[in-house]
Amino acid sequence: SGEAAADWLAGEGCRVAAVEGRALPAFEARAAALGIAPERVGTVEGFNYSRGRRATIGIYRVAKPG
């Protein structure tokens, strides 16, 4: 879920999270609540053939100080 992706990024160490476009609002809301500012470092676009529609997945990270 978007919330789980934000929780993951807020953890220790170097982490990235993949967030599908429909989960983005929940991801952004949870990240704001956690006080983190994820940055998109990549995008993967494709076709979800099992659902018959296009899909966009953003790859995010949080820059850690130091």
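**Entry 1: the sheet**

I began with the strands and found an open sheet of 3 strands in the order β1-β3-β2, with antiparallel pairing. I note here that the model is predicted. Next I looked for the edges: they are β1 (16–20) and β2, each of which pairs on one side only. I then looked up the angle between neighbouring strands, and on average they are turned by 25 degrees against each other, direction ignored.

**Entry 2: the hairpin**

I followed β2 (residues 39–48) into β3 (residues 53–61). The two run antiparallel and are joined by 9 bridges. I checked two positions along them. Valine 44 has isoleucine 57 in β3 as its bridge partner, and arginine 40 stands opposite tyrosine 60 in β3. Between the strands of this hairpin there are 4 residues, and glycine 52 takes a positive phi near 70 degrees.

**Entry 3: helix α1**

I turned to α1 (residues 2–9), which packs on the sheet and touches β1 and β3. The direction of α1 makes about 165 degrees with that of β1. Which residues of α1 are buried? I listed Gly2, Ala5, Ala6 and Leu9. These four are on the same side of α1, because they cover an arc of only 95 degrees around the axis. I recalled the general rule: an α-helix has 3.6 residues a turn, so residues three or four places apart point the same way. I also looked up what covers the buried residues of α1, and the cover includes β1, α2 and β3.

**Entry 4: helix α2**

I found α2 lying across β1, β2 and β3, at about 140 degrees to β1. Its buried residues are Leu24, Phe27 and Ala31. They span an arc of only 60 degrees around the axis, so they sit on the same side of α2. On the face turned away from that buried side I noted the exposed residues Pro25, Ala32 and Ala33. The cover over the buried residues of α2 includes α1, β1, β2 and β3. Just after α2 I noted glycine 35, with a positive phi of about 75 degrees.

**Entry 5: phenylalanine 27**

Is phenylalanine 27 buried or exposed? Its relative accessibility is 1%, and the cut-off for buried is under 20%, so phenylalanine 27 counts as buried. Leaving out residues up to four places away in sequence, I listed what phenylalanine 27 touches: Gly2, Glu3, Ala5, Ala6, Leu9, Val19, Pro38 and Tyr60. Of these, Gly2, Ala5, Ala6 and Leu9 are the buried residues of α1. I also looked up aspartate 7, which is 20 residues from phenylalanine 27 in sequence and 8.9 Å from it in space, C-alpha to C-alpha.

**Entry 6: rings**

How many aromatic pairs does a search of the whole structure find? I got 1. The pair is phenylalanine 27 with tyrosine 60, their centres 4.9 Å apart and their planes at 50 degrees, which makes the pair tilted. Phenylalanine 27 belongs to helix α2 (residues 24–34) and tyrosine 60 to strand β3, so the pair ties together parts that are 33 residues apart in sequence. Both phenylalanine 27 and tyrosine 60 are buried.

I looked at one more ring, that of tryptophan 8. Arginine 15 lies over its face, at 3.8 Å from the ring centre.

Key
Residues numbered from 1 in each chain as written. Predicted model: local features only at pLDDT ≥ 70, side-chain atom pairs only at ≥ 80, totals over all residues. Heavy atoms only, no water. Pairing = 2+ DSSP bridges. Phe/Tyr/Trp six-rings, centres within 6.5 Å; stacked < 30°, edge-to-face > 60°. Buried < 20%, exposed > 50% of the residue type's maximum accessible area, 1.4 Å probe, protein only. Lys NZ or Arg CZ within 6 Å of the ring centre and 35° of its normal. Axes fitted to C-alpha atoms, helices over the stretch in contact; angles between N-to-C directions. Contact = heavy atoms within 4.5 Å. Arc of directions from axis to C-beta.
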